[in-house]
Amino acid sequence: MMEKKDLRSYTYDALVVLFKDLGEKPFRAGQVFDWLHKKKVTDIGAMSNLSQSLRDRLEEEHVIHVTEPVKVLVSSDATRKYVHRLHDGNIIETVLLKYDFGNTVCISSQVGCRMGCAFCASTIDGLVRGLSAGEMVSQVYSVESDINERVSHVVVMGSGEPLDNFEAFTDFVDIITDKRGNDLGGRNITASTCGIVPKIKELADRKYALTLALSLHAVTDEKRKQIMPVANRYPLDEVLDACRYYFDTTGRRITLEYSLISGFNDTEADADELSKIARRLEAHVNLIPVNPIKERSFAPTARKDAVALKNKLEKNHINVTIRREMGRDINGACGQLRRDFLKEGSLGEANA
Ligand code: SAH
């Protein structure tokens, strides 16, 4: 049997094509897009301005897949981690971070991940599959309906590598920012990549307003290779050139993410080299003391040492912040998201 397609994976333009193929008028696309992304219904049957026969025809080949929150963990800092079940039984995690400026949702882009970064829990069991655009959209809407508030910012920093799932990821951006629907400001999206060079360039050429974050984590190829297998494929120099191209093409400043691992990448010399890289890209630097995961022995740089590194960068006139880490107590922080909470037991841990 042919698998039904998720209506929420269609961009507006793709819906127009769909209705044309069905022999329907183009304005039907606008009506359906409005139901999906403004009224946010999850049932084709609820689209009451479509005739019953059209709804029936749509349902023959289409569904709306919801990511079902099978568990919501609430951190002492009000961060909420959603354990979401997909229609095929796979599990992904989504995190809500409440800030003064609004609600930020951190979405996953893949079930698992094949990038293999040594410090990250999401990659431990490898990649299962990429998420569809609709499954990315659904994570945002699921959180909105849980808290009954609008989500103002989306970061694509959960499980997975968004640029390893490029078409679905860019469709997601097109859908969630579309003014005829959810209308999230493009500037309110940040996507993080471990550095897939050709895709960084391709993304630049799409000229979205989104912020690109590069997971740098080490300042030389030699060191980067020790913790990030992707560094074997794309040398740092090419990655940085691609990022420079992104900035020059879009006018959007890159963020360099730098996880501080005690005794590995946190010397003054590292800070100086990091300053050079940041200057080359005119980038902002985000220092993140590495979050512990139980399979690995990486330890975070002590707070006072992290502050000293920040000061060093500032002396070098670099725009730098230390990330305020949220949701660690529920394994909801960077690098702590996993795909199989049942098998792995992150619930037990979080409650312990
Ligand atoms: N695949 C993308 C996005 C997912 S990870 C990427 O690599 O950028 C989001 C961020 O969390 C990345 O910067 C990642 O390197 C970082 N991260 C992963 N594990 C971490 C950990 N244990 N502690 C702190 N940051 C971590």
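Which strands each supply at least two residues of the shell around the ligand? They are β10 (189-193) and β12 (255-260), with strands (E, at least two residues) and helices (H or I, at least four) taken as DSSP runs numbered from the N terminus.

This is a predicted model, in which local features need pLDDT of at least 70 and side-chain atom pairs count only at pLDDT 80 or more, while totals for chains, interfaces and linings use all residues. Residues are numbered from 1 along each chain as its sequence is written, and side-chain values use heavy atoms, with hydrogens and water left out.

**Overall form**

The chain has 13 helices and 14 strands. Its radius of gyration, taken over C-alpha atoms, is 21 Å, close to the 20 Å that the globule rule gives for 352 residues, so the chain is as compact as a globular protein of that length. The globule rule is 2.2 Å times the number of residues to the power 0.38. Along the principal axes, the C-alpha atoms fill a box of roughly 70 × 50 × 40 Å.

**Ligand site**

The ligand is surrounded by 18 residues, each with a heavy atom within 4 Å of it. The closest are F119, S192, S215, H217 and N291. The shell divides into 7 nonpolar, 9 polar and 2 charged residues; Ala, Val, Leu, Ile, Met, Phe, Trp, Tyr, Cys and Pro count as nonpolar, Asp, Glu, Lys and Arg as charged, and the others, Gly among them, as polar.

| Residue and atom | Ligand atom | Distance |
|---|---|---|
| H217, polar side-chain atom | oxygen | 2.5 Å |
| N291, polar backbone atom | nitrogen | 2.8 Å |
| E257, side-chain N or O atom | oxygen | 3.2 Å |

Taken alone, the ligand exposes 530 Å², of which the protein buries 97%; accessible areas come from the Shrake-Rupley method with a 1.4 Å probe.

A search of the whole structure finds 1 cavity of 30 Å³ or more, a cavity being a set of points on a 1 Å grid over the protein atoms alone where a 1.4 Å probe fits but cannot get out. The largest cavity holds about 50 Å³ of space, a volume being the space filled by probe spheres set on the points, which are joined across faces, edges and corners. Its lining residues (an atom within 4 Å of a point) include Y258, L260, D266, D270 and L313. Two or more residues of this lining come from each of β12, α10 (268-281) and α11 (303-315), and α10 gives the most, with 3 residues. The lining divides into 7 nonpolar, 2 polar and 2 charged residues.

Note on methods:
Polar contact = N/O pair within 3.5 Å; in protein donor to acceptor, adjacent residues only side chain to side chain. 1 Å grid on protein atoms, 1.4 Å probe; cavity = no way out; pocket = protein on both sides within 12 Å on 5 of 7 lines; lining within 4 Å.
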